[in-house]
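Good morning, colleagues. May I ask you to turn to the sequence and the structure, which I shall now display.

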Amino acid sequence: MKNTKTHQYLQLFDGHAHRRLERYLKSPCNYIFPDVLALYYLLKENPAAEKEDLFKKLFPKEKFNVQKIGNVLKYLNEAIENFLTQDELQKDKFLQHHLLAKMLRNENSSLYADAVLKMQRETNASHIKESSS
């Protein structure tokens with residue numbers, strides 16, 4: 001599994017980040033297929049495992065199916081990408097307010113105005129931080 005997208009993603013994480021990713025994968029807010037979570041644990045334990053070996057452990061009664069293991073890997077990659085995106089979004093208040101304003105633009109004018117105001121405050125706060133540094 002070396003030099004795969006999944007391997008590259010998992011190389012990004014230290015012990016603390018792995019624990020946060022694991023909590024994310026197990027969270028009831030994010031439904032992750034049980035096979036995907038099991039694959040994560042297998043790769044965490046042995047990052048160099050081959051697809052055939054992973055398949056045998058995930059589906060011991062089935063013969064190797066490249067499409068099936070490919071789908072499970074794809075879902076794990078998507079879950080990791082979602083985790084990384086949400087993690088980054090939590091750090092960027094301006095982007096949070098921007099996305100909220102974008103969603104509310106045509107829905108509710110008072111909520112939209114509030115989101116734009118929060119965006120402006122966040123912009124002003126970041127300019128003050130930058131100028132004092």
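Lys91 is exposed, with a relative accessible area of 57%. In this predicted model, the side chain of Lys91 meets that of Glu88 in a salt bridge, at 3.9 Å from N to O. Both residues belong to helix α5, where they stand 3 residues apart, about one helical turn. Glu88 is partly exposed, its relative accessible area being 47%.

Which residues do salt bridges with shared partners join into one network? They are Arg20, Asp87, Glu88 and Lys91. Within that group, Arg20 pairs with Asp87, and their closest N and O atoms lie 2.5 Å apart. Because Arg20 sits in helix α2 (residues 15-26) and Asp87 in helix α5 (residues 66-91), this pair ties together parts that are 67 residues apart in sequence. Arg20 is partly exposed at 22% relative accessible area, and Asp87 is partly exposed at 22%.

A further salt bridge links Lys26 to Glu22, with 3.8 Å between the closest N and O atoms. These two residues lie in helix α2, 4 residues apart, or about one turn. Glu22 is buried, with a relative accessible area of 16%. The count of salt bridges comes to 8.

I turn now to helix packing. Helix α3 (residues 34-45) packs with helix α4 (residues 51-58) at about 130°, the axes being 10 Å apart. The two helices are therefore oblique to each other, and their crossing is right-handed. On the α3 side, Asp35, Ala38, Leu39, Leu42 and Leu43 meet Leu54, Lys57 and Leu58 of α4. By class, this contact has 6 nonpolar, no polar and 2 charged residues.

Methods:
Residues numbered from 1 in each chain as written. Predicted model: local features only at pLDDT ≥ 70, side-chain atom pairs only at ≥ 80, totals over all residues. Heavy atoms only, no water. Axes fitted to C-alpha atoms, helices over the stretch in contact; angles between N-to-C directions. Parallel < 35°, antiparallel > 145°, perpendicular 65-115°, else oblique. Left-handed = near helix turned anticlockwise from the far one by under 90°. Contact = heavy atoms within 4.5 Å. Nonpolar A, V, L, I, M, F, W, Y, C, P; charged D, E, K, R; others polar. Salt bridge = Lys/Arg side-chain N within 4 Å of Asp/Glu carboxyl O. Buried < 20%, exposed > 50% of the residue type's maximum accessible area, 1.4 Å probe, protein only.
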